[in-house]
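Colleague: I'm new to this one and would like to learn how to read its charged pairs. Could you walk me through it?

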Amino acid sequence: MKYFIGILVPEEIQKLILELATSLPKDFTKSRMNAHITIRAPQFVADMVLIESIVKSVANTFCPIDIGLGKVKNFDNNYLVVSAQSKLLYELNEKLARSLQKFNDENINYYDFEKYRPHVKIAEIPGKLTIECVKKFEENLSEITKSTKNFSVKNLTIFIDKDDTGVYDQVINIPFQPNGIMAESEDLDAPWNANFYEKVEDGE
């Protein structure tokens with residue numbers, strides 16, 4: 001069994017992301033999953049009941065999180081994504097990593113927190129992505145999200161691939177608590193580290 005931990009974005013944001021994805025060229029591979037923000041990467045696990053208990057104990061310390069959509073980004077030259085901005089996402093990522101330490105893959109450095117960059121995946125990139133292409137999608141995003149770019153999420157979600165098929169078709173929603181960590185006014189300004197992304201190429 002395999003799982004990862006993330007946050008499903010609200011339905012109205014799902015629609016915005018879908019609208020942006022439909023504006024992409026046909027050779028881009030659209031995401032098969034509902035739009036989400038990954039908090040902890042996929043891992044194999046035998047005891048999901050125990051994992052759920054640990055994740056619930058972490059979620060209970062957080063209140064609903066306000067998130068802002070940022071710029072369109074080229075993630076590692078593999079994915080086109082929209083940055084998700086909230087300082088609490090970084091804190092949630094770190095707290096889950098420490099709580100789940102004993103279950104982590106020893107070959108993965110889960111404590112390289114500076115490399116965590118929350119985002120919503122739009123599509124896989126077919127080959128190189130130019131600066132002009134990114135700018136075009138940023139314009140599309142700006143037009144699509146005129147009415148709203150900020151949203152609040154009330155649940156942390158465990159996505160489960162029960163049969164190791166690569167399809168995460170089960171979810172467990174765990175609510176944040178009203179008396180958890182409160183968001184601060186600067187949460188939506190959490191910076192992205194540009195050096196973490198592969199550079200896009202000039203030209204058409």
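Predicted model: local features only at pLDDT ≥ 70, side-chain atom pairs only at ≥ 80, totals over all residues.

Colleague: How many salt bridges does the structure hold?

Modeller: The general idea is that side chains of opposite charge can pair when their charged atoms come close. Here, the structure holds two salt bridges.

Colleague: Where do I look for the salt bridge of Lys15?

Modeller: Go to Glu11: its closest O atom and the closest N atom of Lys15 are 3.9 Å apart. The two residues sit four apart in helix α1 (residues 11-22), so about one helical turn separates them. Lys15 and Glu11 are both exposed.

Colleague: And which residue does Glu94 meet in a salt bridge?

Modeller: That's Arg98, with 2.9 Å from N to O. Helix α3 (residues 87-99) carries both, and because Glu94 and Arg98 are four residues apart there, they are separated by about one helical turn.

Colleague: Is Glu94 buried, partly exposed or exposed, and what is its relative accessibility?

Modeller: Partly exposed, because its relative accessibility is 30%. Arg98 has 46%, so Arg98 counts as partly exposed too.

Colleague: What pattern does the protein chain follow along the sequence?

Modeller: Read it as β-α-β-β-α-β-β-α-β-α-β-β-β. That gives four helices and nine strands.

Colleague: What share of the residues counts as buried?

Modeller: Of the 204 residues in the protein chain, 43% do. As for contacts with a separation of 6 or more, 81% come from residues 24 or more positions apart.

Conventions:
Residues numbered from 1 in each chain as written. Heavy atoms only, no water. Buried < 20%, exposed > 50% of the residue type's maximum accessible area, 1.4 Å probe, protein only. Contact = heavy atoms within 4.5 Å. Salt bridge = Lys/Arg side-chain N within 4 Å of Asp/Glu carboxyl O.
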